[in-house]
Amino acid sequence: MAGLQLAIMTKTERNTALQQIRDIIGENGGWITHHTLFSNLSATLNFELSSEQIPLFLSALNLAGYTHTVETPAKGHGDIFAQIALTFIHHEPDLKRSVPAFG
């Protein structure tokens, strides 16, 4: 399975950006397979998408105001693995979350 890697830096509020990008993925026939959140600084979304939908997907990101850098262009046919690395630009302190004791 071929891959597509994108990097996006945005000033859009974190939850709003994640919802908008999730919706763009879904509207283009994709589905999120995994995500990782790094406090309120960044997020990574792993998803799969039909290679035929890539131009429409990238266009939808641009229309929504998300300028992206293509780190690895997609190659091949059929469904592809894709990943978006989001960096949130803001002046807020890190999120504080209580972590239960373990061990």
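Start by selecting A7 and A85: in β5, A85 is the bridge partner of A7. You're looking at a predicted model, where local features need pLDDT of at least 70 and side-chain atom pairs count only at pLDDT 80 or more, while totals for chains, interfaces and linings use all residues. Residues are numbered from 1 along each chain as its sequence is written, and side-chain values use heavy atoms, with hydrogens and water left out.

Now color strand β1 (residues 3-10) along with β5: the pair runs parallel over eight bridges. (Strands here are DSSP E runs of at least two residues and helices H or I runs of at least four, numbered from the N terminus; two strands pair if DSSP finds at least two bridges between them.)

Next, pick strand β3 (residues 42-50), which is antiparallel to β5 and joined to β5 by nine bridges. Which residue stands opposite I80 of β5? Select L49.

Stay on β5 (residues 79-88) and show its side chains. I80, A82, I84, L86 and F88 make up the covered face, while D79, F81, Q83, A85 and T87 lie on the uncovered one.

Move on to helices α1 (residues 14-27) and α2 (residues 54-63), whose axes come within 10 Å and cross at roughly 155°. Axes are lines fitted to C-alpha atoms over the stretch in contact, with angles from 0 to 180 degrees between N-to-C directions. The two helices are therefore roughly antiparallel (over 145 degrees). To see the contact (heavy atoms within 4.5 Å), select I21, I24 and I25 of α1 with F57, A60 and L61 of α2.

How values were computed
Parallel < 35°, antiparallel > 145°, perpendicular 65-115°, else oblique. Buried < 20%, exposed > 50% of the residue type's maximum accessible area, 1.4 Å probe, protein only.
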